[in-house]
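Good morning, and thank you for coming.

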Amino acid sequence: METIVIVGAGLAGGTAVTALRENGHTGPIVLFGAENHVPYARPPLSKGYLLGKEPLEKAFVHDREWYAAHDVDLRLNTEVTAIDPAAKVVATAGGEQAYDKLLIATGAAPRHLRLADEAGVPTSYLRTIEDSDRIHAAFGEGKRIVLVGAGWIGLEVAAAARLAGTEVSVFESADLPLLRVLGPEIAQVFADLHTENGVDFHFGAQVTTDDLSGADLVVVGIGAVPATELAEQAGLEVDNGILVDAQLRTSDPDIYAIGDVANHDHPIIGQRIRVEHWDTAIEHAKVAAQNLVGGHVSYEKLPFFFTDQYDLGMEYVGHASSAADVIVAGDLAGRVFRAYWVEDGIITAATLANDWGALTELRAAIGKSPAAVQG
């Protein structure tokens, strides 16, 4: 029976293990994780868990007993240090592990800001459970958090902090939060939402050490870098992530890559994309599992993500470039609306805000003319 080794015990790795067993793989599975936690989803770290509304257990893919019960060799606190595709082994400090098929799910690491790291102020990034705990501990009346970056992570942390009574300042180099992702109209909605809730924004700002001084905690959210070091060392093709084909296979036919680290040749979108969202990690894992056991399935699902900030809930589907035109339908001021991103006369992405039940319609709009949704 073939041995399947998975490097990376995050949401993608944990879901892949589940899908492999569900797809009938009865051979050995070895799952390596650098953290000391069983695989877990990361969205709660900036959402329900950070807010103190959800227990940590809700984030886990399975409890520890599940892995033993399904004959999964789970090796936590174990970092894979090298991959040898010729010998078909992975190396750790404890020795080597042979594989027949390998799945890389190493994710991405927060992009560091040297100025913050060297400012002499407590500084955190948000990737792990421990990071979320550290940030939550800095919440409360009379405390002040400085956020560098007004992307999804920055805004969700800002919302959680304000709801806990924390003073929040946000420094963002662009003129609005999420400007490149959402365009000016919808970005302004998020700026107004947070300003109304007491967030002190500094747009078009180059943050300085003085800006960080006096904070109880600085949280840096300026993007993430795919963890491709192992793939590069192994000679796999890498360019903004590990290059994979439509079936999530790397340049080595016995090695697949999924989740944040995978730069996928998407057959529906018609270009390579690398997506850092939980839904992609889950759905990549399901398709990769089918292919690892002999299938020939292309990954065709459109990217999807959601965010909840104060009383605003948003769901987004598709993939749009920053050059897309945005068509908004609904009440921007009341924060109940839909929006469509249009490129070359075709809808490439769509979102809803507090317009629950519209997601099916939004998915159906992708690939159509704007006239199909404006009538």
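Let me begin with a single residue. Asp260 sits in the loop that links β16 (255-257) to β17 (262-266). Please keep in mind that this is a predicted model. Is Asp260 buried or exposed? Its relative accessibility is 11%, so Asp260 counts as buried, since buried means under 20%. Among the residues that Asp260 touches are Gly107, Ala108, Pro226 and His277. Arg127 is also one of them, and the side chains of Asp260 and Arg127 make a polar contact at 3.3 Å.

I turn next to a sheet. Five strands form an open, parallel sheet, in the order β9-β13-β10-β11-β12. Which strands stand at its edges? They are β9 (123-124) and β12 (200-203); each has a single partner strand, so one side of each is left without a neighbour in the sheet. Within the sheet, β10 (residues 144-148) and β11 (residues 167-172) are joined by five bridges in the parallel sense. In one of these pairings, Arg144 has Glu167 of β11 as its bridge partner. Helix α6 (residues 152-163) packs on the sheet, where it touches β10, β11 and β12. The direction of α6 makes about 165° with that of β11.

Finally, consider helix α1 (residues 11-22). From first C-alpha to last, its twelve residues reach 16 Å, close to the 16 Å expected. Eleven of the twelve are buried, including Leu11, Val17 and Arg21. The elements that cover them include β1 (4-7), β2 (29-32) and α11 (278-292). Just after α1, Gly24 takes a positive phi of about 90°.

Thank you for your attention.

Notes:
Residues numbered from 1 in each chain as written. Predicted model: local features only at pLDDT ≥ 70, side-chain atom pairs only at ≥ 80, totals over all residues. Heavy atoms only, no water. Helix = DSSP H or I, 4+ residues; strand = E, 2+ residues; numbered from the N terminus. Buried < 20%, exposed > 50% of the residue type's maximum accessible area, 1.4 Å probe, protein only. Polar contact = N/O pair within 3.5 Å; in protein donor to acceptor, adjacent residues only side chain to side chain. Contact = heavy atoms within 4.5 Å. Pairing = 2+ DSSP bridges. Axes fitted to C-alpha atoms, helices over the stretch in contact; angles between N-to-C directions. Expected span 1.5 Å × (residues − 1). Lists of a residue's contacts leave out its neighbours within four places in sequence.
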